Amino acid sequence: NKTFSDLLQDYVNKPYEELLELANDALAVIVEALIQVAPEDNAAEFILPFIATTLASDGRYSELEHTFLNDVLQGELTYDEAKTCMQAHYNPEIFEAVDKIIDACGQDLKSALIVFCLCFAAVDETITREESAYLATLLS
């Protein structure tokens, strides 16, 4: 029976390409669910707080996290643009809002969002105590 720490370590141990594949699979589920309730062009606005709060939760933003962000979103944000966005989401009220959104989702969407966040947290090959606490909050 795996513990939460074991789950986190499993993600940390995954190679970059596998995390990218898992994040893209989760993103497909998330976008599909969002299309049911909102126009497709609003998907990015919905998804961004999940990425930004996960990456901001430990107060650090690495080059590897930045590369992963652009790979997942097929974007071309500069490091400084993305870091500014992460810093804007480093806010307890936003963390709480994201947690409430996840709690309001159905199980399939909630699972996809958690996997998506886990991939972002694990991509720099470590999940800090702060990231772990944030992910635990999202799961509960």
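Me: What does Phe68 touch, leaving out residues up to four places away in sequence?
Reply: Keep in mind that this is a predicted model. Phe68 touches Tyr16, Leu19, Leu20 and Ala23, plus Cys119, Phe120 and Val123.

Me: Which residues touch the most other members of the largest nonpolar core?
Reply: Phe68 and Phe116 do, in a core of 43 residues. The elements giving two or more residues to this core are α1, α2, α3, α4, α5, α6, α7 and α8.

Me: And which element gives the largest share of this core?
Reply: That's α7, with eleven residues.

Me: OK, how do α4 and α7 sit relative to each other, in axis distance and crossing angle?
Reply: Helix α4 (residues 63–73) and helix α7 (residues 107–122) have axes that come within 9 Å and cross at roughly 145°. On the α4 side the contact is made by Glu65, Phe68, Leu69 and Val72, and on the α7 side by Phe116, Cys119 and Phe120.

Me: How many of the residues in that contact are nonpolar, polar or charged?
Reply: Six are nonpolar, none is polar and one is charged.

Me: Let's take Leu69. Buried or exposed?
Reply: Leu69 counts as buried because its relative accessibility is 1%, and under 20% is the cut-off for that. Leu69 is in helix α4, and beyond four places in sequence it touches Ile51, Tyr61, Leu77, Ala82, Met86 and Phe120.

Me: How far is Leu69 from Ala52, C-alpha to C-alpha?
Reply: Those C-alpha atoms are separated by 9.6 Å, and the two residues are 17 apart along the chain.

Me: Switching to rings. How many aromatic pairs turn up in the whole structure?
Reply: A search finds seven. One of them is Phe46 with Phe50, a tilted pair with 5.2 Å centre to centre and 50° between the planes. They're four residues apart in helix α3 (residues 43–56), so about one helical turn separates them. Phe50 counts as buried, at 1% relative accessibility.

Me: Why is the Phe116 and Phe120 pair called edge-to-face?
Reply: Because the planes of Phe116 and Phe120 are at 65°, and over 60 degrees counts as edge-to-face. Their ring centres are 5.1 Å apart. Both residues lie in helix α7, four apart, about one turn of the helix, and both are buried.

Me: Which residue lies over the face of Tyr11?
Reply: Lys14 does, at 5.4 Å from the ring centre.

Me: Last one: how far apart are Asp10 and Pro92?
Reply: They're 82 residues apart in sequence and 27 Å apart in space, C-alpha to C-alpha. Asp10 is found in helix α1 (residues 4–13) and counts as partly exposed, at 29% relative accessibility.

How values were computed. Residues numbered from 1 in each chain as written. Predicted model: local features only at pLDDT ≥ 70, side-chain atom pairs only at ≥ 80, totals over all residues. Heavy atoms only, no water. Axes fitted to C-alpha atoms, helices over the stretch in contact; angles between N-to-C directions. Contact = heavy atoms within 4.5 Å. Nonpolar A, V, L, I, M, F, W, Y, C, P; charged D, E, K, R; others polar. Buried < 20%, exposed > 50% of the residue type's maximum accessible area, 1.4 Å probe, protein only. Phe/Tyr/Trp six-rings, centres within 6.5 Å; stacked < 30°, edge-to-face > 60°. Lys NZ or Arg CZ within 6 Å of the ring centre and 35° of its normal. Core = buried A, V, L, I, M, F, W, Y, C linked by side-chain atoms within 4.5 Å.
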